[in-house]
Amino acid sequence: MIVVDSVTKVYENRGMTVTAVDDVSLTVGSGEIHGILGRSGAGKTTLLRCLNLLERPTSGTITVDGLELVGLSDADLRSARQRIGTVFQHFNLFHARTVSDNIAFPLEITGVGRSERRARVAELLDLVGLTDRANAFPSQLSGGQKQRVGIARALAAHPSVLLCDEATSALDPATTEQILDLIKVVNETTGVTVVLITHESGVVRRICDSAGLMEDGRLVESGRLADLLADPGSRLAEQLIPVGRPTDSEPSVEYILSFRSESATEPVLSHASRELGLDVSILSGSVEQVGGRTAGRLRVALSRPLDGPDHDRFVGFLAAQGVMVSRP
Ligand SMILES: Nc1ncnc2c1ncn2[C@@H]1O[C@H](COP(=O)(O)OP(=O)(O)OP(=O)(O)O)[C@@H](O)[C@H]1O
Ligand SMILES: [Mg+2]
């Protein structure tokens with residue numbers, strides 16, 4: 001488990017002050033995949049680097065598996081860091097080392113013996129599907145293969161936390177999906193807690209259990225995806241499944257519907273419209289697979305505004321089918 005408590009990181013450069021991370025608090029449960037979504041400059045990398053103390057927070061604390069990192073001595077911090085693996089956007093492989101030797105590197109620096117290293121590297125090569133490229137050099141690999149090496153190396157010392165900084169941003173869409181699926185498999189088979197930062201909502205949609213939205217150094221929203229998607233006002237939900245802003249000149253007939261069940265929306269909506277004698281038309285939104293489950297957000301317009309009792313019947317009928325209703 002990772003507990004980030006009121007972390008702030010301020011950079012001072014020649015009289016210029018930048019608050020890259022501004023009072024962020026966050027808890028990531030053991031074995032969860034947590035995504036942090038944000039635009040360029042939002043402070044994502046700075047926050048991630050604070051998690052393993054590559055960047056020392058200006059204030060606040062970071063606790064990983066019960067151990068608070070900010071107050072540790074350098075020696076204790078070095079050993080605590082072995083519990084945290086990092087995967088980078090540009091892979092950061094050693095070009096003069098083979099795939100095997102890249103993966104073995106974290107084990108070498110912690111003094112793991114040769115035969116144990118060999119056995120662990122063989123296990124990791126198998127896990128990431130690169131057994132046949134063990135003796136290749138990074139320059140002989142595709143981007144996706146390089147990232148598989150990066151993931152294997154990050155996992156070498158059996159970390160309990162895996163940090164991924166835009167791990168798929170340098171890859172094409174199909175390779176991105178393969179690497180995300182690998183991270184999911186690693187998470188499921190080893191139980192490693194994953195924190196990934198990204199500017200792509202598709203990354204969060206594909207593999208995250210929970211997520212946060214970062215803006216100007218602040219974490220403006222966070223929670224389990226299922227809960228965020230059920231909250232019609234969530235800005236993160238809007239990034240995951242956009243329904244857009246009301247454009248109609250008569251917003252009084254517009255509603256946002258959110259649901260996370262398998263409930264067949266079309267029959268539910270036609271049933272609701274028959275009950276109330278009105279037409280419901282879908283203006284925007286969609287039904288998607290989010291974190292392996294079905295979730296939907298739709299913006300709909302009714303053929304007439306609903307008065308109090310009718311409004312309550314409409315909301316109540318849909319709620320009974322697992323569909324949450326709100327006004328845009
Ligand atoms: N070493 C530094 N010195 C001064 N300012 C910095 C430093 N590192 C980052 N910043 C500033 O902190 C802010 C957040 O940067 P950060 O790299 O964390 O954003 P990011 O969300 O990772 O962006 P991107 O998506 O482009 O990678 C930016 O304004 C950046 O210019
Ligand atoms: Mg960054």
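**Notebook: loop, strands and helices**

I began with Asn92, which at 41% relative accessibility counts as partly exposed. The model I am reading is a predicted one. I placed Asn92 in the loop between S6 and H3. Its phi is positive, about 50°, although Asn92 is not a glycine. I note for context that most residues other than glycine have a negative phi.

**Entry: the aromatic pairs**

I then asked how many aromatic pairs a search of the whole structure finds. The search returns two. I examined the pair formed by Phe94 and Phe105, whose ring centres are 4.7 Å apart and whose planes make an angle of 55°. The pair is classed as tilted; I record that the edge-to-face class would require over 60 degrees. Phe94 belongs to the loop between strand S6 (84–87) and helix H3 (99–109), while Phe105 belongs to helix H3. The two residues are 11 apart, and the pair links distant parts of the chain.

**Entry: other positive phi values**

I looked up His158, a residue other than glycine, and found a positive phi near 55°. His158 sits in the loop between helix H5 (143–155) and strand S7 (161–165).

**Entry: helix H1**

How many of the eight residues of helix H1 are buried? I count six in residues 44–51, so the helix is largely enclosed by the rest of the structure. The buried residues are Lys44, Thr46, Leu47, Leu48, Cys50 and Leu51.

I followed strand S1 (residues 2–13) to its partners. Strand S2 (residues 16–28) runs antiparallel to S1, and nine bridges join the two. One position I noted is Ile2, whose bridge partner in S2 is Val28. S1 and S2 form a hairpin with two residues between them. In that turn, Arg14 has a positive phi of about 40°. S1 also pairs with strand S4 (residues 59–64), in the antiparallel sense and over five bridges. Here the bridge partner of Val3 is Thr63 in S4.

**Entry: the four-stranded sheet**

I traced an open sheet of four strands in the order S12-S13-S11-S14, with antiparallel pairing. Which strands stand at the edges? They are strand S12 (280–290) and strand S14 (323–326). Each has a single partner strand, so one side of each is left without a neighbour in the sheet. The twist averages 15° from one strand to the next.

Within the sheet, I found six bridges joining strand S11 (residues 254–259) to strand S13 (residues 293–302), and these two run antiparallel. Ser258 stands opposite Arg297 in S13.

**Entry: helices across the sheet**

Finally, I asked which strands helix H10 (residues 265–276) lies across. They are S11, S12, S13 and S14, and the helix runs at about 150° to S12. Helix H11 (residues 308–320) lies across S11, S13 and S14. I recorded its angle to S14 as about 150°.

Conventions: Residues are numbered from 1 along each chain as its sequence is written. Chains are lettered from A and ligands numbered from 1 in the order in which they are written. This is a predicted model: local features need pLDDT of at least 70, side-chain atom pairs count only at pLDDT 80 or more; totals for chains, interfaces and linings use all residues. Side-chain values use heavy atoms; hydrogens and water are left out. Rings of Phe, Tyr and Trp (its six-membered ring) pair if their centres lie within 6.5 Å; planes under 30 degrees apart count as stacked, over 60 as edge-to-face and the rest as tilted. Buried means under 20% relative accessible area, exposed over 50%, partly exposed in between (1.4 Å probe, protein chains only). Two strands pair if DSSP finds at least two bridges between them. Axes are lines fitted to C-alpha atoms, for helices over the stretch in contact, and angles run from 0 to 180 degrees between N-to-C directions. Contact means heavy atoms within 4.5 Å.
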